[in-house]
Amino acid sequence: MEDLKNLVLLKSSKEELIQKFLEHKKAEGKTPKTIVAYQWELNKFFDWYSDSIYNINIEAIDEFLIYLSQKELDNENRKQVGLQARRRTRSVLKTFMYFLIKKKIIPFNADTNPELIMKLEKPNPRILPNITELQFLKMEKLLKDNPDGLTLRNMALLAVMFYTGMRPDEIIRMETGWINKSTLEVIVYDGKGGKDRTTIINNFTIKIIERYVKDREGIIFLNKDGQPFSNIQPINYLIQKLKKLDPNIQSEITPYSFRRGFACYSYLKSGKDIMAVKKWLGHRDIKTTQRYLENVEFENIYRQKSEINKIRDEID
C-alpha cells in the first residue's frame with residue numbers, strides 16, 4: 001500500500017508534490033502560520049529553480065541561497081536577505097528534500113546530498129536528562145537563598161515549568177485566567193498545533209504565583225520593565241543562572257528537562273496513568289510520552305519523599 005502511494009506521488013506534478021508535503025507537515029501538527037511559511041519558502045525557490053523537481057539536491061539549494069544573498073529585496077534601500085532568513089530557507093528546502101527522498105520521489109545520493117545521510121540514518125533519539133522533584137525544590141531553595149529583584153518571578157517560573165509540564169512558549173503566554181484553583185487545573189490555550197488542552201497544577205505553585213502577581217491579572221510573567229516576555233530567552237537565562245549558582249547542576253539541563261521531570265512526577269501522582277500524562281503534556285503520540293519515562297529510577301524517587309517534604313516546608 002505504501003509503495004502504491006509512492007507510485008502515485010512519483011507521477012505527481014510539482015504543485016501536487018508541494019501540496020502533499022504541506023499536508024504531511026499539517027498532519028504532524030504544524031501550525032497554520034508555519035504551513036504558510038513553508039509554502040512561501042517553496043514558492044520562492046521554485047520561482048528561481050528551472051530544473052526538474054526530481055533533480056533537486058543540496059548543491060541546488062546552496063546556489064539558491066547564494067542568489068538570495070546577492071539579490072536586492074528592496075531596490076530603494078538595497079537591503080539583502082539576512083543570514084537568519086537564509087538559514088530558515090535552507091532548513092525548509094532540506095526538509096522538503098527529505099520528504100521527497102523518504103517517499104522515493106527522488107533518489108538518495110550520498111555524493112550530492114551528503115548532509116541528509118545523518119537524517120536518513122539517524123539513530124534512536126538520545127535520552128535527555130530530566131529533573132526530579134527533589135532537584136527542582138533544591139533549585140527553588142537556591143533562588144530563595146540568593147534573592148534579587150526577580151526572585152519571586154523566577155521561583156514561580158520554575159514551579160510552573162515543573163508542576164504543569166507546559167512548554168516554554170506556552171508559559172510566557174500564561175495568564176492568571178488560565179488557572180482553575182478549585183479543580184487544580186490549567187487550561188493551556190493555543191498550544192502546539194494550535195490546540196487547547198488541560199494540565200494539572202498544585203497549591204504550592206498557585207501560592208508562589210499569587211505571591212508574585214499579587215492583585216495583577218492577565219499575563220503572569222513579566223520582564224524587569226514590567227512587559228510580557230517577547231521570547232523564551234528569560235527562561236534560558238534562568239537556567240544559566242542556576243548553573244552558575246550551583247556548579248553541580250548538570251550542564252545538559254534545559255527548560256525541557258523540567259517538562260520531562262513533570263512527566264515522571266505526574267505519572268506517579270496519577271497512579272501510573274500514562275494516558276493522563278500524555279494528555280497533560282499535549283503529546284500526539286504515546287511513544288513520545290513513553291520516551292519521557294525511559295530509564296527513570298522510580299525507586300529513588302520514592303525514597304526521596306521525606307527530603308522533598310522537608311525542603312518544600314522550608315520554601316513555604
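Visitor: Why are helix α7 and helix α11 called roughly perpendicular to each other?

Guide: In this predicted model, α7 (residues 133-145) and α11 (residues 233-245) pack at an angle of about 80°, with their axes 11 Å apart. Angles of 65 to 115 degrees count as roughly perpendicular, and α7 and α11 are therefore described in that way.

Visitor: Which residues make the contact between α7 and α11?

Guide: M139, L142 and L143 of α7 meet L238, L242 and L245 of α11. Contact here means heavy atoms within 4.5 Å.

Visitor: What is the class of the residues in the contact of α7 with α11?

Guide: Six residues are nonpolar, while none is polar and none is charged.

Visitor: What makes the pairing of K44 with E41 a salt bridge?

Guide: The closest N and O atoms of K44 and E41 are 3.0 Å apart. The cut-off is a side-chain nitrogen of Lys or Arg within 4 Å of a carboxyl oxygen of Asp or Glu, and the K44 and E41 pair therefore qualifies. Because K44 and E41 lie three residues apart in helix α3 (residues 32-48), about one helical turn separates them. The structure holds 12 salt bridges.

Visitor: Why are β3 and β5 called edge strands?

Guide: Three strands form an open, antiparallel sheet in the order β3-β4-β5. Strands β3 (179-180) and β5 (197-200) each pair on one side only.

Visitor: How do you know that β4 and β5 pair?

Guide: Pairing requires at least two bridges between two strands. Strand β4 (residues 185-188) and β5 have four bridges, in the antiparallel sense, and therefore count as paired. In β5, R197 is the bridge partner of V188.

Visitor: Where does the pLDDT stay under 50?

Guide: Residues 117-124 are one such stretch, with eight contacts beyond four places in sequence. The chain averages a pLDDT of 84, and 85% of the residues score at least 70.

Conventions: Residues numbered from 1 in each chain as written. Heavy atoms only, no water. Helix = DSSP H or I, 4+ residues; strand = E, 2+ residues; numbered from the N terminus. Axes fitted to C-alpha atoms, helices over the stretch in contact; angles between N-to-C directions. Parallel < 35°, antiparallel > 145°, perpendicular 65-115°, else oblique. Nonpolar A, V, L, I, M, F, W, Y, C, P; charged D, E, K, R; others polar. pLDDT = per-residue confidence, 0-100.
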